[in-house]
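Subject: Structure handover and notes

Hi,

Here is the structure we talked about. My notes follow below it; please read them with the model open.

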Amino acid sequence: MKKSKFVNGMGAIFASALVFMTGSLLTSCENEDLNATFQTSPAEVTLNVTVMDALTGTDITSQATVTVTGALTATGMTSFPAGYKGGEVTVTAAYDGMTGKATIGTDAKKVGGKVTYSANVILSSVYTFAVKSKNDVNLVTKPLGDQTHAHGGSNWCLNDNEYLLTRSFEYMAYNEQEATTTYAPLDVLAANMTYNKSKKEEVTYTFSAWAYYRVTYKGVVTTTVYNVIRKGGNDIVGTFTTVANNNYSIEPEEAAFNAHYVHGQGHGTHGYGDNAGGGLIEAE
């Protein structure tokens with residue numbers, strides 16, 4: 001079996017997810033608009049699909065015909081203005097007379113939420129890759145680090161002024177996977193399905209005036225074990241395993257601070273009139 005420090009190093013790698021979300025608070029207003037509002041951004045669901053040729057060990061995603069059915073109907077990013085209901089998604093890939101599919105479960109996501117899912121489809125004219133087991137483990141559910149205001153039995157950030165509050169958060173978009181096999185002819189495939197494409201990204205949200213708010217990051221590690229079965233028979237020639245850290249979500253939330261709160265609104269009835277202005281406020 002191919003060996004790697006990937007799994008052993010997961011604790012250290014994932015611990016870095018806790019050093020999470022930095023930035024400053026930006027408030028702004030326009031003197032001529034004393035009832036400024038914002039439209040909540042849609043939920044964004046991204047589906048990344050990789051199609052591999054088992055015998056050559058090469059990525060054939062760009063050459064394959066990929067069909068997505070179920071709760072999602074396309075690869076890439078799809079926007080849902082009213083929120084995403086979640087549900088099962090089936091990815092089918094076809095190439096050079098070979099077909100294969102992968103099925104994943106997806107969670108509901110409120111407006112403003114962002115979530116990424118990834119799926120592997122392995123094609124072969126000689127072997128069938130039958131899922132033996134699949135296990136999802138929550139990597140971390142990490143709230144914003146400066147949630148110091150208690151509300152409703154949990155901690156929040158607080159925008160306790162008349163202005164809309166726009167804030168950017170930096171996070172690690174994990175996109176890494178390790179593949180191993182007990183069957184030597186698939187060594188090249190395992191090597192080519194092992195990667196680390198993680199990178200830092202940024203998301204920006206606007207919060208209402210007089211609002212408690214928070215942003216939550218959730219990462220998931222998925223371990224999938226396949227039995228490799230020779231086609232035309234029932235012989236299991238070995239196993240193929242992937243450990244993937246490439247499914248994650250980011251979700252904003254807000255709640256009323258006092259009676260002046262109106263979701264999506266700033267410059268309420270107790271604003272600063274024509275002299276109202278914007279400014280930069282350091283993070284709490």
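Aspartate 96 is exposed, with a relative accessible area of 67%. Here buried means under 20% relative accessible area, exposed means over 50%, and partly exposed lies in between (1.4 Å probe, protein chains only). Aspartate 96 sits in the loop between strand E6 (87-95) and E7. Its phi is near 50°, a positive value in a residue other than glycine. Tryptophan 210 also has a positive phi, of about 50°, and is not a glycine. That residue is in the loop between E15 and strand E16 (211-230). Tryptophan 210 counts as buried, because its relative accessibility is 13%.

Ground rules. This is a predicted model, in which local features need pLDDT of at least 70 and side-chain atom pairs count only at pLDDT 80 or more, while totals for chains, interfaces and linings use all residues. Residues are numbered from 1 along each chain as its sequence is written, and side-chain values use heavy atoms, with hydrogens and water left out.

Confidence. pLDDT is the predictor's confidence in each residue, from 0 to 100. The mean for the protein is 81, and 78% of its residues reach 70 or more. Residues 1-35 stay under 50. The model still has 94 contacts for them beyond four places in sequence (contact means heavy atoms within 4.5 Å). Over residues 268-284 the pLDDT is also below 50. That stretch has 36 contacts in the model beyond near neighbours in sequence.

Overall picture. The protein has two helices and 18 strands. These are DSSP runs, numbered from the N terminus: helices are H or I with at least four residues, strands are E with at least two. Of the 284 residues, 43% count as buried. Take the contacts between residues at least 6 apart in sequence: 78% of them join residues at least 24 apart. The accessible surface is about 14,100 Å², and carbon and sulfur atoms account for 50% of it. Areas come from the Shrake-Rupley method with a 1.4 Å probe; for residues, only the protein chains shown count as cover.

Cores. A nonpolar core is a set of buried Ala, Val, Leu, Ile, Met, Phe, Trp, Tyr and Cys residues joined through side-chain atoms within 4.5 Å. The largest one has 22 residues. Leu47, Val51, Leu72, Val89 and Val91 have the most contacts inside it. Strand E2 (43-53), E6, E7 and E8 each supply at least two residues of this core. Leucine 72 touches Val45, Leu47, Phe80, Tyr84 and Val89, not counting residues up to four places away in sequence. Another core, of 17 residues, lies apart from the largest one. Its members include Phe169, Tyr171, Tyr217 and Ile250. In soluble globular proteins, nonpolar side chains tend to be buried together.

Salt bridges. A salt bridge is a side-chain nitrogen of Lys or Arg within 4 Å of a carboxyl oxygen of Asp or Glu. The whole structure has five. One of them joins glutamate 251 and lysine 109, with the closest N and O atoms 3.7 Å apart. Glutamate 251 lies in strand E17 (residues 236-256) and lysine 109 in the loop between strand E7 (98-106) and strand E8 (114-123), so the pair ties together parts 142 residues apart in sequence. Lysine 109 counts as buried, at 9% relative accessibility. Glutamate 170 pairs with lysine 200, with the closest N and O atoms 3.9 Å apart. This pair links strand E12 (residues 165-173) to strand E15 (residues 199-207), and the two residues are 30 apart. Glutamate 170 is partly exposed at 31%, whereas lysine 200 is exposed at 57%.

Two more sites. Serine 124 is in the loop between E8 and E9. This serine is buried, with a relative accessible area of 3%. Its side chain reaches the backbone nitrogen of valine 126 at 3.0 Å. Setting aside residues up to four places away in sequence, serine 124 touches Ala54, Leu55, Met98, Phe129 and Lys231. Alanine 130 is in strand E9 (residues 127-143). Alanine 130 is partly exposed, at 28%. Beyond neighbours within four places in sequence, alanine 130 contacts Val225, Tyr226, Asn227 and Ile229. The C-alpha atoms of alanine 130 and isoleucine 229 are 7.4 Å apart, across 99 residues of chain.

Best wishes

Technical notes
A polar contact is a pair of N or O atoms within 3.5 Å; within protein, one must be able to donate a hydrogen and the other to accept it, and residues adjacent in sequence count only if both atoms are side-chain atoms.
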